[in-house]
Amino acid sequence: MISIHATARVSPLADIEDSVRGSRIVVGAHSVIDSFVKVKPAGGSGDLLLGEHVVINAGCVLYTGHGIRIGNHVALAAHCTLAPVNHAYAERGRLIRAQGFAPSRGGIVIEDDVWIGAHCVLLDGAVLRQGCVLGAGAIVHGELRAYTVYAAQSATALRVLGQRR
């Protein structure tokens, strides 16, 4: 189900796919979804809930996965990816693509008054608290404190997390 508030503006060049699993995609009042934004219900049955006065700039990709909740007065700069989903890969004897998806780490939560710089990647379990600022190119998979500025890519993004069995 796709619900777009009458005062929201969605570019005719945006691509918002409706869910076949019953996930909701809700765009709040006065929000803007720019050209070449892709919303894809994939990897779970979570909802995409955009608050009021949210701006999603050109080239962003939002997978609904385990859910994305975005508060009010949030801005995503160009080419950000929100992916609240994780592929399962633990079984060495099975192709990764045949293993489906891993359990949720809580989806993605972005509270009010958050600014996300260009080319950021938010992963399942990311929580951006009210008023934080995220510099361009950052990768987030945990919680960011309120009213704090974060810059540079996460060193943990390249950490070895273990081996496949």
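**Salt bridges in this model**

Glu111 pairs up with Arg129 in a salt bridge, with the closest N and O atoms 2.5 Å apart. A salt bridge here takes a side-chain nitrogen of Lys or Arg within 4 Å of a carboxyl oxygen of Asp or Glu. By this rule the count comes to seven. Keep in mind that this is a predicted model, where local features need pLDDT of at least 70, side-chain atom pairs count only at pLDDT 80 or more, and totals for chains, interfaces and linings use all residues. Numbering starts from 1 along each chain as its sequence is written, and side-chain values use heavy atoms, leaving out hydrogens and water.

**Glu111 and Arg129**
- Glu111 sits in the loop between β13 (108–110) and β14 (115–116) and Arg129 in the loop between β16 (127–128) and β17 (133–134), so the pair ties together parts 18 residues apart in sequence.
- Strands are DSSP runs (E, at least two residues), numbered from the N terminus.
- Glu111 is partly exposed at 25% relative accessibility, and Arg129 is partly exposed at 27%.
- Partly exposed falls between buried (under 20% relative accessible area) and exposed (over 50%), using a 1.4 Å probe and protein chains only.

**Asp15 and its network**
- Asp15 and Lys38 meet through their side chains in a salt bridge (2.7 Å, N to O).
- That pair links distant parts of the chain, with Asp15 in strand β3 (residues 15–16) and Lys38 in strand β6 (residues 38–40), 23 residues apart.
- A network of salt bridges links Asp15, Glu17, Lys38 and Lys40.

**Asp47 and Arg24**
- The side chains of Asp47 and Arg24 form a salt bridge (3.1 Å, N to O).
- Asp47 is partly exposed at 22% relative accessible area, and Arg24 is partly exposed at 35% relative accessibility.

Technical notes:
Helix = DSSP H or I, 4+ residues; strand = E, 2+ residues; numbered from the N terminus.
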